[in-house]
Amino acid sequence: MYKILIADDHPLFREAIHNVIQDGFPGSEILETADLDSALAMTLENEDLDLVLLDLNMPGMHGLNGLINMRNEAPTIPVVIVSAEQDKQVVLQAITYGACGFITKSSPRAQMTEAIEQILNGNVYLPSDIIRSQKANTRRSQHNEQSIAPELLQALTRKQLLVLERMTKGESNKQIAYNLDIAETTVKAHVSAILRKLNVHNRVQAILSAGDIDFTAYLRR
């Protein structure tokens, strides 16, 4: 049973996400508000919140400034940005500014439920379709900026490469464990080793820097 705040100025969307939470996480306590000021007030009054779903464009937000304010006021409560925005840079900026996920309003119900579940389990959720769809367009410009040196990749074991490949597809630790038929604790150990070997600080950086890798070439060795 969770306690979740939905902060969105569109009543129809609030109702839709309310239903998603109610169906996917029965018994959860759901709070609702329609602007940033009242959302900030409610997070201060409810320090036991498990999650805040924050609309990027509601009154008071001023883009990602609202997210920064929310993180400053309630640094221990996980915040997810919910938006119709599908620009890859906005998604990445939101994560950089402290969001633990980004859910697009066009996501199917099942995908929203899965995203919320991943975040409640302590994972970061990125919309893999956006991350993947814009890779082709930005591949040349970002190649030197974010790509991983081959010698760092060669330091990864075969199993770590398989885990990293699944991470780039947006899979959670639980999904990776299921697909590779290994324990979730083993996946967590592999993820920690991957971050260390690739010299990145978190899962998001690993996913972004590994976006252009041809895994089949490395897995052939």
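In the predicted model, the side chains of Glu117 and Lys174 meet in a salt bridge, with a nitrogen-to-oxygen distance of 3.8 Å. This distance falls inside the limit of 4 Å that the salt-bridge rule sets, and across the interface of domain 1 and domain 2 the rule finds 1 such bridge. Side chains of opposite charge can pair when their charged atoms come close. On the side of domain 1 that touches domain 2, the elements giving two or more residues are α4 (88-96), α5 (109-120) and α6 (128-133).

Contact between them involves 12 residues of domain 1 and 12 residues of domain 2, and the area buried between the two domains amounts to about 980 Å², with carbon and sulfur atoms giving 58% of it. With both partners required to be at pLDDT 80 or more, 1 residue pair is counted in polar contact between domain 1 and domain 2.

At the level of the whole protein chain, 13 helices and 5 strands are assigned. The radius of gyration of the chain is 18 Å, which is close to the 17 Å given by the globule rule for 221 residues, and the chain is therefore as compact as a globular protein of that length. The C-alpha trace spans about 55 × 35 × 30 Å along its principal axes.

The count of salt bridges by the rule comes to 6. One of the bridges is formed by Asp48 with Lys3, the closest N and O atoms of this pair being 3.0 Å apart.

When residues up to four places away in sequence are not counted, Leu162 touches Leu180 and Leu219. Leu162 and Ser106, by comparison, are 56 residues apart in sequence, and their C-alpha atoms are 30 Å apart in space.

Note on methods:
Residues are numbered from 1 along each chain as its sequence is written. This is a predicted model: local features need pLDDT of at least 70, side-chain atom pairs count only at pLDDT 80 or more; totals for chains, interfaces and linings use all residues. Side-chain values use heavy atoms; hydrogens and water are left out. Contact means heavy atoms within 4.5 Å. Buried area is the accessible area (1.4 Å probe) that two parts lose on being put together, summed over both. A polar contact is a pair of N or O atoms within 3.5 Å; within protein, one must be able to donate a hydrogen and the other to accept it, and residues adjacent in sequence count only if both atoms are side-chain atoms. Helices (H or I, at least four residues) and strands (E, at least two) are DSSP runs, numbered from the N terminus. The radius of gyration is taken over C-alpha atoms; the globule rule is 2.2 Å times the number of residues to the power 0.38.
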